[in-house]
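Biologist: I'd like to learn how to read a protein model. Could you walk me through one, feature by feature?

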Amino acid sequence: MTTEWTRGEYIISTDLGRIDLDVVHGFLTTCYWAEGIPREVVARSIAHSLCFGLYHDGGQIGFARVISDRATFGYLGDVFVLEAFRGRGLARWLMEVIHAHPELQGFRRWVLLTRDAHALYAQAGYAPLAAPDRYMERWAKDVYRRGPGQ
């Protein structure tokens, strides 16, 4: 099911056909959390997530995706608004739309990772882990430099 929301001259859409892979990959490959990510990995991640594209005048200016079983848990990732469009409340609106999406209701837990956007996510109800001692990760820090399986 594809859904769209409009606010003034901006649109958020879950239509995968509207996603501009050049824009999404171009941003992600240079950001701190996905530096060097291959284009085909970005394409595969989009295909297997519930994605939210943010658009202005027909061009993509932002993105976020949710990885979820759509019943109990959601991981919010790859959230960005291009720098030229920041400071307009668009990231906050994107969070509102994501958390109101009908397929993402009733979750026991949402998680995300951030280095520098704690204030934005706190406005959307996120807080530091209540029990960080219960969380573990398997992190392949340099996977995009060395390739999968290496």
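Predicted model: local features only at pLDDT ≥ 70, side-chain atom pairs only at ≥ 80, totals over all residues.

Biologist: What should I look at in Asp57, and what is its phi?

Modeller: Here's the general idea: most residues other than glycine have a negative phi. Asp57 has a phi near 50°, which is positive, and this residue isn't a glycine. Asp57 is also exposed, with a relative accessible area of 70%.

Biologist: Which other residue has a positive phi without being glycine?

Modeller: Asp78, with phi near 55°. Asp78 lies in strand 5. Is that residue buried or exposed? With a relative accessibility of 12%, Asp78 counts as buried, since the cut-off for buried is under 20%.

Biologist: Let's zoom out. How many helices and strands are there in the protein?

Modeller: The protein has 5 helices and 6 strands. Reading from the N terminus, the order is β-β-α-α-β-β-β-α-β-α-α. The radius of gyration is 15 Å, close to the 15 Å that the globule rule gives for 150 residues, so the protein is as compact as a globular protein of that length. Along the principal axes, the C-alpha atoms fill a box of roughly 45 × 35 × 30 Å.

Biologist: What share of the residues counts as buried?

Modeller: 37% of the 150 residues. Take contacts between residues at least 6 apart in sequence: 57% of them join residues at least 24 apart.

Biologist: Now helices. How do I read which side of one faces inward?

Modeller: An α-helix has 3.6 residues a turn, so residues three or four places apart point the same way. Now try helix 1 (residues 21-28): its buried residues are Val24, His25, Phe27 and Leu28. Looking down the axis of helix 1, you find these buried residues within an arc of 165°, so they line one face of the helix.

Biologist: What covers the buried residues of helix 1?

Modeller: The cover includes helix 2 (39-47), strand 4 (59-68) and strand 5 (73-81). Have a look at the start of helix 1 too: there, a side-chain oxygen of Asp20 comes to within 3.0 Å of the backbone nitrogen of Asp22.

Biologist: And helix 2, which of its residues are buried?

Modeller: Val42, Ser45 and Ile46. Down the axis of helix 2, the buried residues fall within an arc of 100°, so they line one face of the helix. As for partners, the buried residues of helix 2 pack against helix 1, strand 3 and strand 4.

Biologist: One last thing: what is the accessible surface of the protein?

Modeller: About 9,300 Å², and 51% of that belongs to carbon and sulfur atoms.

Notes:
Residues numbered from 1 in each chain as written. Heavy atoms only, no water. Buried < 20%, exposed > 50% of the residue type's maximum accessible area, 1.4 Å probe, protein only. Helix = DSSP H or I, 4+ residues; strand = E, 2+ residues; numbered from the N terminus. Arc of directions from axis to C-beta. Contact = heavy atoms within 4.5 Å. Polar contact = N/O pair within 3.5 Å; in protein donor to acceptor, adjacent residues only side chain to side chain. Rg over C-alpha atoms; globule rule 2.2 N^0.38 Å. Areas by Shrake-Rupley, 256 points an atom, 1.4 Å probe, with all protein chains shown as cover.
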